[in-house]
Amino acid sequence: MTTGDTTQRGVGVIRVINATLFMSAGVLRVVRWRLTGDARNGYLGAALLAFGLLTAPSSLLAPAIHSSQPELTLAPISRIVAVVACLVLVVRGLRATAVDSRLRPLRTAALATVFGWALTAVAITVAATVQPLDGSTGLWAGAEIVLTAGWAASAAVALRRKRDPSAFWLGINLATMATAELVRAIAFMSVTTDAFVATALQLVVAGMTVANSGADLTEVLSSEGDRMLRLTDQLHNTEELLDEEAREREERLHDARSVIAALKAASLTLDRYEERLDDATKHRLRSSLVSELSRLESVIDDRAQQPPTVFRLDLALAPLFIAERRNGLVITSRLGMLSARGRALEFVTVVQNLLVNARRYAPGSVVTVGARARGDAVEVYVEDRGPGIPSEERELVFARGHRACRDQTEGSGLGLYLARRLMREQGGDIRVEERPGGGARFVLTLPGSASRPAGTTCAPIVPQPRSDADNIVRPLRARGVSA
Amino acid sequence: MTADVVMVEDHALLADSVSLALQVEGLDVVRAPLTSVEAVVEAVQAAAPCLVMLDLDLGEIGDGIALIPPFVALGCDVLVVTGDRNRARLGQALSAGAIGYVTKDQPFDVLVGTAQRACAGERVIDDNDRQDLLAELRRVRAELDRRRAPFEALTPREQDVLDHIADGKSVETIAAEFYVSTATVRTQVRGILTKLDVTSQIAAVAKARRAGWLSKSHR
């Protein structure tokens with residue numbers, strides 16, 4: 001065995017390693033393409049796979065078939081085909097748009113490989129019959145020069161994309177490949193320079209390509225993990241919002257149905273038993289009918305955007321107090337004759353919410369509803385003598401979906417969230433504090449009767465903060481999609 | 001104070017009207033205070049009526065169906081008065097011991113008439129209708145059981161992990177919270193996916209939601 005043979009064998013082994021590394025890098029690129037769908041990675045993956053697959057057999061077989069002169073037979077032709085295929089795909093990748101849904105990198109690589117092998121076979125047969133290959137070192141050298149130019153040109157294309165770090169590394173690798181090709185061209189012409197250098201250079205490129213592809217993939221994987229988490233989270237929020245929407249709608253329908261049933265019942269009772277009911281009862285039923293009708297209106301006209309008006313607090317709340325007292329609640333009213341500016345119906349809805357809460361969380365407790373003027377504004381307080389709300393929960397209770405933890409009953413937790421929204425929409429607010437002596441005190445503020453109408457700079461309507469999930473749901477709602 | 005009928009109804013005007021109508025028809029009616037479950041049961045016990053007219057959606061007190069057994073135990077007939085047209089739920093009320101039902105969209109006369117007949121000890125429900133409702137209840141329950149069966153197969157720890165995944169937490173976070181290795185959590189996640197016959201965590205969460213499985217905090 002001569003030194004030349006040993007060197008050739010060494011070169012052969014390195015080439016096999018190169019081909020394997022290129023294929024590995026190709027697989028990494030294709031995996032990345034799978035995750036992000038960006039066309040450049042798809043094309044680069046296809047290019048690397050095709051290059052590896054096209055160069056592997058010639059690296060393996062060349063020494064075996066023509067061990068005396070491997071460089072001058074099978075290897076060059078298949079190399080030329082491989083490089084051309086690779087370059088075509090790389091350039092396409094560099095020019096590709098962000099996402100190409102028709103791209104199938106594995107199929108592209110397989111097609112390029114099969115086509116390349118066929119082309120190689122034809123080229124070798126033709127070349128062998130037309131003239132013996134041995135004598136044409138000049139031809140090969142010329143071909144290598146052309147390939148060098150190809151590598152160099154694509155390197156230039158890649159390096160021109162200055163703001164793209166992955167293109168930068170691609171450019172460096174392509175430039176190194178160009179250098180290796182040049183060395184190989186020189187090796188054809190002068191016996192002194194060894195093809196070993198070229199192969200070693202390619203090994204460096206193969207290694208760097210694997211490293212780059214790996215790094216890219218890791219980066220995508222970690223950011224993909226975050227993205228999946230965020231997506232799951234958003235999905236979760238969206239579902240929750242849709243659930244709440246559906247529940248809200250269901251509750252409103254249910255409300256409307258029972259209000260209608262009550263209206264029918266009351267009017268029929270009035271009609272049928274007119275003579276047998278005393279005047280006080282009839283009067284009570286009639287006034288209940290009226291307040292029930294406005295309740296129906298509020299249920300149907302989801303917070304119709306009427307302009308705020310000035311209204312007397314005690315008069316607005318009187319029907320509610322009657323109804324809640326009949327439900328067993330003890331209410332002390334200290335409203336005086338104060339007026340406020342807002343939407344009376346919504347204000348009453350909020351107070352009703354608070355009374356129902358008091359009935360539930362402070363059972364048996366007296367509930368006091370009072371009011372006082374505070375500068376330009378009016379404060380209405382609703383206080384009970386129940387367990388109160390721990391200070392750390394006082395903001396939390398206004399969050400969407402909040403429920404007190406001891407509560408086992410089903411419910412949407414929309415009560416106080418909606419209450420705050422309703423109050424803020426009419427230029428007021430709601431907060432909760434501790435009642436001196438124990439219990440919860442909800443404080444509702446509204447612009448006073450002397451204040452200028454809301455919508456002017458004096459009483460700004462607090463904008464609702466919107467979450468991402470809101471933005472997802474909104475278009476769905478607009479299209480009438482139901483949960 | 002005894003009465004013939006106790007109304008357990010959270011809609012003041014409806015309760016008022018029905019009470020007035022029944023009183024005019026010669027029945028003593030009282031309304032139970034809706035402050036708590038105990039207060040309602042106490043009021044019924046004190047009144048010892050022949051009939052309780054019960055709304056199924058008592059708003060803040062919760063599901064009226066839970067009140068049926070205690071009322072039956074007190075020896076009362078329970079007539080369900082509801083706006084709910086869900087037939088499985090009506091079936092549930094019947095199987096809990098209610099003698100019949102009136103939906104709120106039926107004419108007021110039907111409501112009053114049914115209450116009167118119930119008080120007189122007459123049957124207020126057609127046998128076919130009753131069988132239908134109970135069959136519907138069985139069907140819905142079977143469907144629910146079928147959907148929940150794969151979740152019953154989860155170990156308590158896997159259920160915890162599923163809850164956490166539904167919260168959008170990563171395997172790493174869950175592992176840190178449970179003081180176990182990520183490999184352990186991954187094994188549990190694989191267990192969940194296998195038992196639920198799904199291929200991704202998102203699919204598992206979606207399936208759990210659809211089956212109504214996820215614990216209260218997620219609903």
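This is a predicted model: local features need pLDDT of at least 70, side-chain atom pairs count only at pLDDT 80 or more; totals for chains, interfaces and linings use all residues.

Student: Is Leu27(B) buried or exposed?
Tutor: The cut-off for a buried residue is a relative accessible area under 20%. The relative accessible area of Leu27(B) is 15%, so Leu27(B) is buried.

Student: How far apart in space are Leu27(B) and Cys119(B), C-alpha to C-alpha?
Tutor: Cys119(B) is one of the residues that Leu27(B) touches. In sequence the two are 92 residues apart. From C-alpha to C-alpha, the separation of Leu27(B) and Cys119(B) in space is 8.8 Å.

Student: Which residues have the most contacts inside the largest nonpolar core?
Tutor: The largest nonpolar core has 38 residues. Elements of both chains each supply at least two residues of this core: helix H7 (195-272) and H8 of chain A, together with strand E1 (5-8), H1, strand E3 (51-54), strand E4 (77-82) and helix H5 (108-119) of chain B. In soluble globular proteins, nonpolar side chains tend to be buried together. The residues with the most contacts inside the core are Val5(B), Val18(B), Leu22(B), Leu51(B) and Met53(B).

Student: With which residues is Val382(A) in contact, leaving aside its neighbours within four places in sequence?
Tutor: Val382(A) is in strand E5 (residues 377-383) of chain A, and its relative accessible area of 3% makes it buried. Val382(A) and Val443(A), 61 residues apart in sequence, are 6.6 Å apart in space, C-alpha to C-alpha. The contacts of Val382(A) are Val351(A), Leu354(A), Leu355(A), Val367(A), Thr368(A), Val369(A), Ala440(A), Arg441(A), Phe442(A) and Leu444(A).

Student: Are H8(A) and H1(B) roughly parallel or roughly antiparallel?
Tutor: Helix H8 (residues 279-300) of chain A and helix H1 (residues 12-24) of chain B pack with their axes 11 Å apart, at an angle of about 150°. Angles over 145 degrees count as roughly antiparallel. H8(A) is therefore, relative to H1(B), roughly antiparallel.

Student: Which residues of H1(B) make the contact with H8(A)?
Tutor: H8(A) passes H1(B) in a left-handed crossing. On the side of H8(A), the contact is made by Thr281(A), Arg284(A), Leu285(A), Ser288(A), Leu289(A) and Glu292(A). By class, the contact has four nonpolar, three polar and three charged residues. The residues of H1(B) are Leu13(B), Asp16(B), Ser17(B) and Leu20(B).

Student: Which residues does Ser258(A) touch, not counting residues up to four places away in sequence?
Tutor: Ser258(A) is in helix H7 of chain A. With 6% relative accessibility, Ser258(A) counts as buried. The residues touched by Ser258(A) are His11(B) and Lys104(B).

Student: How many nonpolar residues are in the contact of H7(B) with H9(B)?
Tutor: Helix H7 (residues 156-166) and helix H9 (residues 182-196) of chain B pack at an angle of about 90°, with their axes 9 Å apart. These two helices are therefore roughly perpendicular to each other. Among the residues making the contact are Val161(B) and Leu162(B) of H7(B) and Val189(B) and Ile192(B) of H9(B). Alongside two polar and three charged residues, the number of nonpolar residues is seven.

Student: What is the phi of Tyr179(B) near?
Tutor: Tyr179(B) is found in the loop between helix H8 (171-178) and H9 of chain B. Its relative accessible area is 76%, so Tyr179(B) is exposed. Its phi is positive, in a residue other than glycine, and lies near 55°.

Notes. Residues are numbered from 1 along each chain as its sequence is written. Chains are lettered from A and ligands numbered from 1 in the order in which they are written. Side-chain values use heavy atoms; hydrogens and water are left out. Axes are lines fitted to C-alpha atoms, for helices over the stretch in contact, and angles run from 0 to 180 degrees between N-to-C directions. Helices (H or I, at least four residues) and strands (E, at least two) are DSSP runs, numbered from the N terminus. Angles under 35 degrees count as roughly parallel, over 145 as roughly antiparallel, 65 to 115 as roughly perpendicular and the rest as oblique. A crossing is left-handed if the near helix is turned anticlockwise from the far one by less than a right angle, and right-handed if clockwise. Contact means heavy atoms within 4.5 Å. Ala, Val, Leu, Ile, Met, Phe, Trp, Tyr, Cys and Pro count as nonpolar, Asp, Glu, Lys and Arg as charged, and the others, Gly among them, as polar. A nonpolar core is a set of buried Ala, Val, Leu, Ile, Met, Phe, Trp, Tyr and Cys residues joined through side-chain atoms within 4.5 Å. Buried means under 20% relative accessible area, exposed over 50%, partly exposed in between (1.4 Å probe, protein chains only).
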